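Please keep the sequence and the structure in view while reading.

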Amino acid sequence: MAVSADRLWFDTARAFDGVAAEYHDTNSANPILRHMRARALSALRRHAAAGARVLDLGCGPGTDHPAMLEAGYSVTAIDISLEMVCRAQRRADATGGPHRPTIYCRSIDQLDTFEPGTFDAVFSNFGPLNCVDDLDRTARLVHDVLRPGGVFVASVIGRVCPWEIGLYLSRGNVARALLRFRQTAVPVPLKDGTVWTRYYTPGQVGKAFVRSGFIRSELHALGVVAPPPYLEAFAARQPQLVDRLLRLDAVVGGWPGVRGFGDHFLTVMRRAD
Ligand SMILES: C[S@@+](CC[C@H](N)C(=O)[O-])C[C@H]1O[C@@H](n2cnc3c(N)ncnc32)[C@H](O)[C@@H]1O
C-alpha cells in the first residue's frame, strides 16, 4: 500500500507527540541508549570545534542540548513534533543565558527555509533520517545548509541488526526478523501511534550523500555486539555482561566488515565544496 508523504509526516509527528512527556526520562534511564548517545556526541565533538554553529535535526526533547552547549556550540534545532519542540524549548529556557538553543517546529523537508551555508555542522541523533521520505533530497538540503567543509554527523537505524535477526529467528518469527529488509516505509508502533520508518544500510546513506557532494569520513556500528536498546529488561538482568558488550561494541564497531551492521550506525560525512 502506497502512503502519501503528508500522511507519513502527520502520523510520525503525532506518534512522537504521544511519547514526548516521558521520552527524555525513559531514554536517559536506558544504559544502551546512554552509551549510543555518548558515542554520537563524541563524534560530533571530534569534528566540530567550540564555537561551531550546529543544527540538530529531529532534536526530540533536546536531550543532547546541554552537552552541545557545554562543548561551546551555538545550537539551532528542529523537530516535526510540536510536543517534542515544547519540551526542548523548556529545557532551553531552563538553561538560560544568551547561548540557549533556538528551536523550531519544522520538518527536515523544510531545511531550505534556512539561508544556504548557515551551519558548520548538522547533527541528527537516533534516526530522524529514517523518517524522511526522500533521502536524496534530504542529502541535498543538508548540503545546502552547511558551509563548504562543514560536517554531517548522524546516527541512523540500520538494516542488518544481528541481535534482532537472531532473537526473532529463535522465536520462529521470520517476518519480524526480516522486517528491516523491507524497501518501503514500515509502520512501526510507538505507544498509541505509528512511526513510518525506512531502514537503511550505511552504503545507501553514504551513496545518497556522496551524490550530493559529500565525502565519507567515518562509519561505526552502534549495537552490533551489544543488544538493541529495546532489550533494556535483559540489560537490567545482566548489567555487567551488557556493560562489557557495550565496551566491545565501541572497539569492534569501527572495524571493516563489522561497521555495516548493528541496531544503528554512526556516519560522519563532510561537505566537499
Ligand atoms: C527517536 S527521536 C530522536 C530524538 C533526539 N534526536 C534524541 O536523540 O533523543 C526522533 C525524532 O525525530 C523527529 N522527526 C521525525 N521525522 C522528522 C522530520 N521529517 N523532520 C524533523 N523531525 C523529525 C521526531 O519527532 C522525533 O522527535
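## The ligand and its surroundings

How far is an oxygen atom of the ligand from an N or O atom in the side chain of arginine 37? The distance is 2.9 Å, which falls under the definition of a polar contact: a pair of N or O atoms within 3.5 Å, where within protein one atom must be able to donate a hydrogen and the other to accept it, and residues adjacent in sequence count only if both atoms are side-chain atoms. A nitrogen atom of the ligand lies 2.8 Å from a polar backbone atom of asparagine 125, and a nitrogen atom of the ligand lies 3.3 Å from a polar backbone atom of isoleucine 80. Taken alone, the ligand exposes 590 Å², of which the protein buries 95%; such areas come from the Shrake-Rupley method with a 1.4 Å probe, and for residues only the protein chains shown count as cover.

The ligand is surrounded by 18 residues, and the closest are Arg37, Gly58, Asp79, Ile108 and Asn125. A residue is near a molecule or strand if one of its heavy atoms lies within 4 Å of it. The shell divides into 9 nonpolar, 5 polar and 4 charged residues. In this scheme Ala, Val, Leu, Ile, Met, Phe, Trp, Tyr, Cys and Pro are nonpolar, Asp, Glu, Lys and Arg are charged, and the others, Gly among them, are polar.

## Basis of the description

The model is predicted: local features need pLDDT of at least 70, side-chain atom pairs count only at pLDDT 80 or more, and totals for chains, interfaces and linings use all residues. Residues are numbered from 1 along each chain as its sequence is written, and side-chain values use heavy atoms, with hydrogens and water left out.

## The parallel strands

Helices (H or I, at least four residues) and strands (E, at least two) are DSSP runs, numbered from the N terminus. Two strands pair if DSSP finds at least two bridges between them. Strand E1 (residues 53-57) and strand E2 run parallel and are joined by 5 bridges. Valine 54 stands opposite valine 75 in E2, while aspartate 56 has alanine 77 as its bridge partner in E2. E1 also pairs with E4 in the parallel sense, over 3 bridges, and here aspartate 56 stands opposite phenylalanine 123. E2 in turn pairs with strand E3 (residues 102-105) in the parallel sense over 4 bridges, with aspartate 79 opposite cysteine 105.

E1, helix H3 (residues 65-70) and E2 form a right-handed β-α-β unit. Right-handed means that, with the strands pointing away from the viewer, the path from the first strand over the helix to the second runs clockwise.

Why is strand E2 (residues 74-79) described as largely enclosed by the rest of the structure? The reason is that 5 of its 6 residues are buried; buried means under 20% relative accessible area, exposed over 50%, and partly exposed in between (1.4 Å probe, protein chains only). E1 is likewise largely enclosed, because 4 of its 5 residues are buried. Valine 54 of E1 is buried at a relative accessible area of 0%.

Helix H2 (residues 31-47) contains arginine 39, and leucine 44 also lies in H2. Arginine 39 is buried at 13%, and its side chain reaches the backbone oxygen of alanine 221 at 3.0 Å. Leucine 44 is buried at 1% relative accessibility. Its C-alpha atom is 9.5 Å from that of valine 54, 10 residues apart along the chain. Leucine 44 and phenylalanine 152 are 108 residues apart in sequence, with their C-alpha atoms 8.6 Å apart.

## Two residues with positive phi

Phenylalanine 126 has a positive phi near 65°, although it is not a glycine. This residue is found in the loop between strand E4 (119-124) and helix H5 (135-145). Is phenylalanine 126 buried or exposed? At 15% relative accessibility, phenylalanine 126 counts as buried.

Lysine 191 lies in the loop between strand E6 (186-190) and strand E7 (193-197). These strands pair in the antiparallel sense over 5 bridges, and leucine 190 stands opposite glycine 193. Their hairpin has 2 residues between the strands, and in it lysine 191 takes a positive phi near 50°. At 53% relative accessibility, lysine 191 counts as exposed.
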